[in-house]
Number of protein chains: 2
Amino acid sequence: MSGEAEQLYAVLRYVRPLHLVAARAVTHALAGEHVTMGVRAVLEVLSGQGPQPVPAIGRALSMPRQVVQRLCDQALELGLVDTAPNPAHRRSRLITLTDAGRGAFERLHAVELRNLGEIAADLTPDDVAATLRVLDALTTGLARFAPAGAGTMTEEFA
Amino acid sequence: MSGEAEQLYAVLRYVRPLHLVAARAVTHALAGEHVTMGVRAVLEVLSGQGPQPVPAIGRALSMPRQVVQRLCDQALELGLVDTAPNPAHRRSRLITLTDAGRGAFERLHAVELRNLGEIAADLTPDDVAATLRVLDALTTGLARFAPAGAGTMTEEFA
């Protein structure tokens, strides 16, 4: 039992370095686009989930509403998103991707997938599937020991 | 190839949520100790690697020297670390763990391992070993696409 806990702890110790290096890789891919890491994250949510109001984007990104609002304002100025009436709430408009926003995200994501494809060539699909199982169990399991609100990290997107 | 890249991307998408929830779990475990997340990280390096000068701790944590210096000053005030002469460099002293510092880290780490032991009970050792292989390949591989210095995230420790 103790050895297994130590092994899982070794998994956890990869998370911060991987988070840092993944962010650096994204930042590097962004260099040619007028997009920050935070704006990219908003574009990704809209690309995957369709038009969303600001609070829903915040929930998808585990980010405070005010931070998401600022990112949406930036994306709006850049012409990457637009707003539309929200049929569900008269006072909270939907954020929608523009063609420019969809294009920017797709260009960025194509670079990311090309890079990941090179890395994947050295790995087996079974190992990657096992990793998804373990990370899912860790994320769900640690949430039991992490009451909501105890510490947030939004600075990397600010 | 494309499907494998997408699967690896799914792995990467776990990293930020897991980073957040792991930090929240650590913060919760810290509640009973006079220790912040950043000080805990310094104690962990000293516990694993023995006495180190500030710049070496910074390299181990991918954190700027000034941030580590501040954390070491905090730990010094709390009596968790002390300083000793550095045989290798006359002007850069070694940071050493005190008994109180070692005790604080060991209490925190025992809580973490107990929590992880519960989670590990639902996983196979093979899956966890595969996860370590994949995260190692991802961290090493992404570093090729992430020039050093392009973006850093130290705020969560500040």
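How many salt bridges are there between chain B and chain A? The count is 6, taking a salt bridge as a side-chain nitrogen of Lys or Arg within 4 Å of a carboxyl oxygen of Asp or Glu. This is a predicted model, where local features need pLDDT of at least 70 and side-chain atom pairs count only at pLDDT 80 or more, while totals for chains, interfaces and linings use all residues. Residues are numbered from 1 along each chain as its sequence is written, chains are lettered from A in the order in which they are written, and side-chain values use heavy atoms, with hydrogens and water left out.

**View 1. Chain B meets chain A.** Each chain puts 68 residues into the contact (heavy atoms within 4.5 Å). About 7000 Å² is buried between them, 73% of it from carbon and sulfur atoms (accessible area lost on being put together, 1.4 Å probe, summed over both parts).

**View 2. A salt bridge up close.** Here Arg144(B) reaches Glu118(A), side chain to side chain, at 3.6 Å from N to O. On chain B, α1 (2-30), α2 (37-49), α5 (99-120) and α6 (125-144) each bring at least two residues to the side touching chain A (helices are DSSP runs of H or I, at least four residues; strands are runs of E, at least two). α1(B) gives the most, with 24 residues.

**View 3. The open sheet of chain A.** Three strands run in the order β1-β3-β2, with antiparallel pairing (pairing needs at least two DSSP bridges). β1 (52-53) and β2 (81-84) of chain A are at the edges with a single partner strand each, so one side of each lacks a neighbour in the sheet. Gln52(A) sits opposite Ile95(A) in β3(A).

Terms used. Buried area is the accessible area (1.4 Å probe) that two parts lose on being put together, summed over both.
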